[in-house]
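This briefing covers a sheet, a nonpolar core, a cavity and a pocket. Please consult the sequence and the model alongside the text.

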Amino acid sequence: MATDTLTITDNRTGTSYEVPVTDGTIPAIALRQIKTGPDDFGLMTYDPAFMNTAACRSAITFIDGDRGILRYRGYPIEQLAERSSFLDVAYLLAEGELPTSAQRSKWEHDVKYHTYVHTKMIKFLEGFRYDAHPMGMLLGAVGAMSTFYPDAKDIQDPANRYIQRVRLMAKIPTLAAFAFRQSRGLPFEFPRNDLDYIGNFVNMTFSIGGKHEPNAVLQRALEILLVLHADHEQNCSTSAVRAVGSSHVDPFSAVSAGIAALYGPLHGGANEAVLRMLDEIGTKAQIPAFIEKVKHGEGRLMGFGHRVYKSYDPRAKLIKRVADDVFAQTGLNPKLEIALELERIALEDEYFISRKLYPNVDFYSGLIYQAMGYPTDFFTVLFAIGRMPGWLAQWQEMLLDKDQKIARPRQIYTGIELRDMP
Ligand SMILES: CC(C)(COP(=O)(O)OP(=O)(O)OC[C@H]1O[C@@H](n2cnc3c(N)ncnc32)[C@H](O)[C@@H]1OP(=O)(O)O)[C@@H](O)C(=O)NCCC(=O)NCCS
């Protein structure tokens with residue numbers, strides 16, 4: 001008998017079945033043969049929120065949640081954060097290798113020359129109310145871009161996929177900065193080709209009267225944060241991009257679904273929630289009372305806990321170092337003291353220890369963004385810029401994967417079986 005198999009005995013019928021075990025998984029479809037009779041549909045698995053289901057094979061990102069490991073295409077996140085540019089990482093995620101210098105020149109050039117958005121996009125953004133959340137604006141704007149690039153529907157052509165990838169990478173900083181300016185009532189600042197990716201974004205965001213004094217330390221810190229956010233395998237927003245993309249819609253529409261997913265407070269919105277929580281706590285003296293409330297189920301310690309990491313999130317470790325560089329430039333943020341104390345207390349508390357709840361990437365990122373001058377409701381937009389390479393790489397991998405079909409989960413129907421209209 002082959003050893004890489006699983007024998008399942010159906011105690012309802014006494015029949016045994018052998019199903020293959022590959023890469024630590026069994027094909028769920030193999031369970032369908034397990035039936036109690038000819039009218040039985042066959043066995044399914046019930047796995048809400050995909051707690052124990054691999055939905056794809058992926059060669060992009062490796063995470064070991066127990067050991068706190070994160071690697072893109074095999075490279076440790078620590079090395080990439082220290083030595084790579086964000087655009088290099090974007091290239092790596094999509095192409096599988098870091099670029100050669102010729103490839104880097106072409107990639108950087110292509111992205112630089114696609115940063116402008118159609119002027120009608122400006123009218124579109126101006127249609128939002130003055131108090132529109134920038135994530136709402138971003139998700140609407142990215143979805144709307146599909147109407148400007150109808151050629152993006154040709155997803156089977158590799159050259160076409162490349163150009164849409166370039167467009168999305170190039171235009172998301174422009175749209176993000178425009179959303180920022182719109183909510184401040186500031187005139188839009190257009191992309192500049194003499195600046196690099198990060199410098200251009202920061203300039204479009206903060207330039208006043210055509211002038212902005214760049215701060216190299218803060219720009220490098222932002223770049224590291226984007227690298228740390230670039231991919232995180234099958235998280236909620238990436239799964240949304242894959243699921244929506246599996247209908248073969250254009251990538252602008254698929255990515256806007258990812259932005260929508262990221263907007264939620266349990267996902268990318270958590271960094272915003274952390275800042276609101278720190279404001280609510282107010283002083284170090286209030287921390288014990290706040291922790292007690294959390295332990296009694298009244299709210300969560302935002303920025304703590306993760307579906308995959310059951311030890312310290314490696315990104316949070318790196319972000320703490322970035323925070324030191326940033327605060328050395330900007331001066332200390334009093335909220336940092338509250339955050340550090342909160343972390344110290346939580347990491348010694350049985351409630352958090354037993355549930356393996358550690359700070360995640362969002363715990364410190366918001367504080368850094370705030371120190372850089374971004375308003376709280378803009379934090380998730382920065383996350384979206386960072387995650388764009390991951391969404392695009394995963395979207396392409398899904399399209400090229402022969403195992404994939406349109407995403408369509410099953411259900412267990414719990415409603416009324418049949419009734420007549422009154
Ligand atoms: C990230 C998160 C959604 C993962 O959730 P999950 O894997 O579904 O974990 P669960 O919600 O099942 O939580 C497991 C247990 O830990 C508790 N828990 C999880 N995160 C917690 C938090 N941040 N604060 C307090 N308790 C928390 C739950 O109440 C639950 O306790 P119980 O077993 O007594 O019921 C969750 O940890 C969370 O809400 N964190 C705060 C939001 C956040 O920072 N999100 C950013 C993620 S990068």
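Which residue of strand 5 does Tyr72 stand opposite? Tyr72 faces Tyr75 there. The model is a predicted one, in which local features need pLDDT of at least 70 and side-chain atom pairs count only at pLDDT 80 or more, while totals for chains, interfaces and linings use all residues. Residues are numbered from 1 along each chain as its sequence is written, and side-chain values use heavy atoms, with hydrogens and water left out.

**Sheet**

- Three strands form an open sheet in the order 3-4-5 with antiparallel pairing; strands (E, at least two residues) and helices (H or I, at least four) are DSSP runs numbered from the N terminus, and two strands pair if DSSP finds at least two bridges between them.
- The edges are strand 3 and strand 5 (75–76), each of which pairs on one side only.
- Strand 3 (residues 61–64) and strand 4 (residues 69–72) are joined in the antiparallel sense by four bridges, with Phe62 opposite Arg71.
- A hairpin is formed by strand 3 and strand 4, with four residues between them; in the turn, Gly68 has a positive phi of about 65 degrees.
- Between strand 4 and strand 5 the antiparallel pairing runs over two bridges.

**Nonpolar core**

- The largest nonpolar core has 116 residues; such a core is a set of buried Ala, Val, Leu, Ile, Met, Phe, Trp, Tyr and Cys residues joined through side-chain atoms within 4.5 Å.
- Helix 17 (residues 379–400) contributes the largest share of this core, 13 residues.
- The members that touch the most other members are Leu138, Met169, Phe201, Leu222, Met277, Leu342 and Tyr374.
- Beyond its neighbours within four places in sequence, Met277 is in contact (heavy atoms within 4.5 Å) with Phe290, Arg300, Leu301, Met302, Leu342 and Phe363.

- One cavity of 30 Å³ or more is counted; on a 1 Å grid over the protein atoms alone, a cavity is a set of points where a 1.4 Å probe fits but cannot get out.
- The largest cavity has a volume of about 30 Å³, volume being the space filled by probe spheres set on the points, which are joined across faces, edges and corners.
- Lining residues, which have an atom within 4 Å of a point, are Ala90, Ala94, Trp107, Arg165, Met169, Pro389 and Leu392 for this cavity.
- Helix 2, helix 6 and helix 17 each supply at least two residues of the cavity lining.
- Arg165 lies in helix 6 (residues 158–184) and counts as buried at 5% relative accessibility; buried means under 20% relative accessible area, exposed over 50% and partly exposed in between, with a 1.4 Å probe and protein chains only.
- Leaving out residues up to four places away in sequence, Arg165 touches Ala94, Glu95, Leu392 and Gln396.

- Helix 2 (86–95), helix 3 (101–112), helix 7 (197–206) and helix 8 (216–229) each supply at least two residues of the pocket lining.
- Lys112, in helix 3, is partly exposed with a relative accessible area of 27%.
- Residues up to four places away in sequence aside, Lys112 touches Asn193 and Leu195.

Definitions and conventions
1 Å grid on protein atoms, 1.4 Å probe; cavity = no way out; pocket = protein on both sides within 12 Å on 5 of 7 lines; lining within 4 Å.
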